[in-house]
Every structure is written in structure tokens, then in C-alpha cells.
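The sequence and coordinates are shown first.

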Amino acid sequence: MNALTRSFSAIWNSSLGKKYIVALTGIVLFLFLAGHLIGNLLVFVGREAFNSYAVFLHEVGHGMGVWVARLVLLACLVAHVIATIQLTIQNRSAREQYQNKNTIQATLSSRIMMWTGLTILAFVIYHLLHFTVRFSNSYNDYIDPEYFAETGLQRQDAWKMVIDGFSWFPAVFFYMVALSLLCSHLSHGVSSVFQTLGFRSKKSQDLIRCGGKIYAFVIWAGFMSIPVAIYFFKFGR
Ligand code: HEM
């Protein structure tokens, strides 16, 4: 075992270290969500803007950028989920030993986080099959007609994929439920991250709680606007 592996396993094997891992991977995932939201809102700007953005993502760094981002995201997601499950199991056994009001409250809130977190995980798997792997649909055959008319070249029509992806009610419903659970997860998550990193004091805790709620609401409203506009207000259809 070299020094790097030894220090990583020391961090992983301590409860505090694991809490830091949950917090830091959580920050990476929060930042991804903000970036992903901004990119996805281009759907409202139109086909040209959205498809150019999709091409940029796939071509940045000679096509390596997207894979580096995917690996970092996957590593963060796996570490975040495993560390959270292990911490929840530890908290549960601690609660059995010390039955007092504070630990019961902490465990109750972390139990909600676990369920919202696992639903988000199921959503991410569904979402990857839907828009990235494009399983059981013909989205890979969609060619951008405007770009073809202008340049004579072919490029993928990711904009139409999103419009068609949200033209089917069961998918829209599932996204709406998952995004609402994501909102609850984020609003608790943001203040937990501040607490773990030692930035939360008695004075600042209300401000942090409020900031977490605002961030979660912006993410929820932004993502929700896309399926809602497409399905209920026929945007792009
Ligand atoms: C209305 C909401 C959303 C829309 C319209 C949307 C759209 C998309 C699209 C079009 C892609 C495929 C990108 C490509 O390969 O060209 C994608 C990938 C992805 N989305 Fe979303 N997304 C939404 C919400 C979310 C949420 C809430 C999460 C996380 C909880 C998420 C996580 C991901 C991930 C991890 C990828 C894979 C990135 C990659 O490997 O390329 N998305 N999304």
C-alpha cells in the first residue's frame, strides 16, 4: 500500500473522513446540477443554440472532456452513495445505544435523505438510459434539419430528442416526482455540507438553511420548467 492509498483508506475508515467525502462529493454534484441546468435551459433559446451546445460538450478536449467529466461524476456519485449508506448504518447503531432526543432527530432527517437520495439514483439511471444511452428509442437517428439545410452536414438533433422525450406523460410524471425529491434532498444537503465543513454557527445557521432552500428551489423550478413547458404548454411541439 503506498502513502496515497493509506491516507485515503484512513479518511474512508473514519466517520469524520466519510462525512467530508459526502460533503465534498456533494459539492461537485451540486455544481454539476447548476451547470447542467444552465445548459439545458438553452432548450428555450431554440434548436440551433441547444444542438450547438450538445456538439460543444461532446467535442471539447478532442472528445476527452466529456469522458473526464463522466468519470469524475461517476466517482463522486459512487463515493457519495456508499459513504452515506455506511454513515446511516453507523448512526442507526449509535441510536440504539444512546436513545436521546437529538440522535433520534438526526437519524430521522438522515433517513429522509437516504430515501430521497436512492430515488434520485434510480432517476439518474433512468435518465441516462433515456437521453445518454438512448435505450429503446430512435433518438440517435434524429438529424438537425436546420443545420443540414444551411451547411449540407449532419448533426444530432438533441433539441428534438428533449421535446419528444417529454411528450410522453409517464416520463414527465416520473421527472416531476424525482425533481421534487431532488429539491428536498438539496435543501437538507446544502446545510449539512456547511455543518460538516465547520462553516455553520448558531448565528449563520438560519441564513445557510434559507440559502439551501433558495438554491434547491431554483434548481427545482429550472429543471421542472422544461418538461412542464413541453408537455403542458406544448413548447416545441
Ligand atoms: C428537465 C430536466 C433535465 C433535462 C432536460 C436533461 C437533459 C439531459 C440530456 C439531453 C443529456 C444527454 C447529454 C448528451 O449526452 O448529449 C443529459 C445527461 C445527463 N444528465 Fe440530465 N437532464 C435533466 C435533469 C437532470 C438531473 C436532475 C440530473 C441529476 C440528478 C441529471 C443528470 C445527468 C447526467 C449525470 C447526465 C450524463 C452526462 C453525460 O454523461 O453526458 N440530469 N441530461
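The model discussed here is predicted. Glu146 is partly exposed, with a relative accessibility of 41%. Arg47 and Glu146 form a salt bridge in which the closest N and O atoms are 3.4 Å apart. This pair connects distant parts of the chain, since Arg47 belongs to helix α3 (residues 47–59) and Glu146 to helix α6 (residues 145–151), 99 residues apart. Together with Asp157, Arg47 and Glu146 are linked in a network of salt bridges.

A salt bridge also joins the side chains of Glu48 and Arg155, with an N to O distance of 3.0 Å. Glu48 lies in helix α3 and Arg155 in the loop between α6 and α7, so this pair ties together parts that are 107 residues apart in sequence. Glu48 counts as partly exposed because its relative accessibility is 48%.

## Arg155 and Asp144

Arg155 is buried, as its relative accessible area is 10%. Arg155 forms a salt bridge with Asp144, the closest N and O atoms lying 3.1 Å apart. Here the linked parts of the chain are the loop between α6 and α7, which holds Arg155, and the loop between α5 and α6, which holds Asp144; the two residues are 11 residues apart. Asp144 is buried, as is Arg155. In total, the count of salt bridges comes to six.

## Ligand surroundings

An N or O atom in the side chain of His127 is 2.7 Å from a nitrogen atom of the ligand. A polar side-chain atom of Asn40 lies 3.3 Å from a ligand nitrogen atom.

## Nonpolar surface patch

A nonpolar patch on the surface is formed by Phe169, Phe173, Val177, Phe232 and Phe233, with about 510 Å² of accessible area together. Phe233 is located in the segment after α9. Phe233 counts as exposed because its relative accessibility is 63%, and the cut-off for this class is over 50%.

How values were computed. Residues numbered from 1 in each chain as written. Predicted model: local features only at pLDDT ≥ 70, side-chain atom pairs only at ≥ 80, totals over all residues. Heavy atoms only, no water. Polar contact = N/O pair within 3.5 Å; in protein donor to acceptor, adjacent residues only side chain to side chain. Patch = residues over 30% accessible without salt bridge, like charges linked within 9 Å, V, L, I, M, F, W, Y side chains within 5 Å. Areas by Shrake-Rupley, 256 points an atom, 1.4 Å probe, with all protein chains shown as cover. Salt bridge = Lys/Arg side-chain N within 4 Å of Asp/Glu carboxyl O. Helix = DSSP H or I, 4+ residues; strand = E, 2+ residues; numbered from the N terminus. Buried < 20%, exposed > 50% of the residue type's maximum accessible area, 1.4 Å probe, protein only.
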